[in-house]
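Trainee: Hi! Could you walk me through this one before I set up my runs?
Mentor: Happy to. Let's open it up and go through it together.
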Amino acid sequence: MKFIKPETVNSLLDNLEDSEGKTYFLAGGTDLNVQIKNGIIRNANIIYINHLSELNGINAVNGSIIIGATTSFHEILESEVIRHHLPFFQKSLRSFASPLLQNSATIGGNIANGSPTADVVPLLLVLDAKIELSSKTRNRFIYLKDFFNGYKQNVMESNEIITKIIIDKNAEKDCITFYEKVGSRKALAISKVSLAGMKRVSGNKITMIKLSVGSLNEYPRRLFKVEDYLTDKTTSEIDFTKVEELLDKEITPITDLRSDKEYRYHVCVNLIRAFLN
Ligand SMILES: Cc1cc2nc3c(=O)[nH]c(=O)nc-3n(C[C@H](O)[C@H](O)[C@H](O)COP(=O)(O)OP(=O)(O)OC[C@H]3O[C@@H](n4cnc5c(N)ncnc54)[C@H](O)[C@@H]3O)c2cc1C
């Protein structure tokens, strides 16, 4: 194992160009250290990034809220900027792990680790968040919905790192919001199912709706087919048989140590019903 502690982001990006073999970033270490300890990761380059101030912090810039990749969940939960502009996002993250974990775990690490259960991802998906991927030669911005392409797989190149998460300042404006994380207990629970939702309603009609789920596919994702069906419908026009039919096409729940697929499916349906009622 080769450990590297770059002085700046520029020298980190130089390192990425030159390094041979697999590279991992050590941010909060709450996922990576477990994988190293269990021997899942060996003979890799480990680049420490948590000391790099350029990657840390929360700022309102023009129309956006910009969160540095190494910003911890504790910092997000304490941020006045987030409280003011994105209160739903902040409140929902209170169910993340425990205060001890919140101090170390970073938003960039939660995204990059790519777990189907990653709590921040369904929330960022309904907020239409973008991420900045940086390499020595370019910075590119992609929507988070386009980042994952398989179980623990993503479109990040080997010479890139996530540097920022960008959310529109008005992303929550005039929206009715919903977030539920179902786990074995309230604290320190990895989710069995999670659902994030945002909608705008005029009169009785849904004029806009966004839904995303965690722990129901190989990575968290938006339910675009269900959203399309629900848009421009009044509550009484919604046919739940149709919702379930579309949901079947968008989720692939599995049975594992934490839960079984039937339970996951029914909880998801019930959460959608709860949000629509
Ligand atoms: C006891 C326990 C409870 C937990 N509870 C929860 C929970 O409730 N909800 C939840 O979602 N997760 C939970 N987790 C998982 C973990 O804490 C989170 O996924 C956390 O956000 C990971 O961030 P980190 O900074 O610790 O990442 P690290 O462990 O430092 O890194 C994780 C991975 O991300 C990559 N990475 C890190 N930063 C970047 C970057 N900027 N750009 C590109 N790649 C990067 C690393 O290379 C590595 O592969 C828990 C973990 C433990 C041990």
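Trainee: From which domains does the lining of the second largest pocket draw at least three residues each?
Mentor: The lining takes at least three residues from domain 1 (2-168) and at least three from domain 2 (176-276). Keep in mind that this is a predicted model.

Trainee: Noted. What's the volume of that second largest pocket?
Mentor: The second largest pocket comes to about 350 Å³. It has 13 lining residues, and the closest to the pocket centre are S92, S95, Y179, E180 and K181.

Trainee: Which elements give two or more residues to the lining?
Mentor: Those are α5 (87-92) and β11 (176-182). The most comes from β11, which supplies six residues.

Trainee: And how does the lining of that pocket split by class?
Mentor: There are five charged residues, four polar ones and four nonpolar ones.

Trainee: New topic: S191. Where is S191 found?
Mentor: S191 sits in the loop between β11 and β12 (193-202).

Trainee: Does S191 count as buried or exposed, and why?
Mentor: S191 counts as buried because its relative accessibility is 1%, and the cut-off for buried is under 20%.

Trainee: What does the side chain of S191 make a polar contact with?
Mentor: Its partner is the side chain of S215, at 2.7 Å.

Trainee: Leaving aside neighbours within four places in sequence, which residues is S191 in contact with?
Mentor: On that basis, S191 is in contact with T117, D119, K181, V182, S215 and R258.

Trainee: Nice link. Last topic: how many cavities of 30 Å³ or more does a search of the whole structure find?
Mentor: The search turns up one. The largest cavity holds about 40 Å³ of space.

Trainee: Which residues line the largest cavity?
Mentor: Its lining is made of L125, D128, A129, Y143, L144, K145 and R222. By class, four are nonpolar and three are charged, with no polar residues.

Trainee: Great, that's what I needed. Thanks!
Mentor: Any time!

Notes
Residues are numbered from 1 along each chain as its sequence is written. This is a predicted model: local features need pLDDT of at least 70, side-chain atom pairs count only at pLDDT 80 or more; totals for chains, interfaces and linings use all residues. Side-chain values use heavy atoms; hydrogens and water are left out. On a 1 Å grid over the protein atoms alone, a cavity is a set of points where a 1.4 Å probe fits but cannot get out, and a pocket is an open set with protein on both sides within 12 Å along at least five of seven lines; lining residues have an atom within 4 Å of a point. Grid points are joined across faces, edges and corners, and a volume is the space filled by probe spheres set on the points. Helices (H or I, at least four residues) and strands (E, at least two) are DSSP runs, numbered from the N terminus. Ala, Val, Leu, Ile, Met, Phe, Trp, Tyr, Cys and Pro count as nonpolar, Asp, Glu, Lys and Arg as charged, and the others, Gly among them, as polar. Domain bounds come from an automatic or database domain assignment. Buried means under 20% relative accessible area, exposed over 50%, partly exposed in between (1.4 Å probe, protein chains only). A polar contact is a pair of N or O atoms within 3.5 Å; within protein, one must be able to donate a hydrogen and the other to accept it, and residues adjacent in sequence count only if both atoms are side-chain atoms. Contact means heavy atoms within 4.5 Å.
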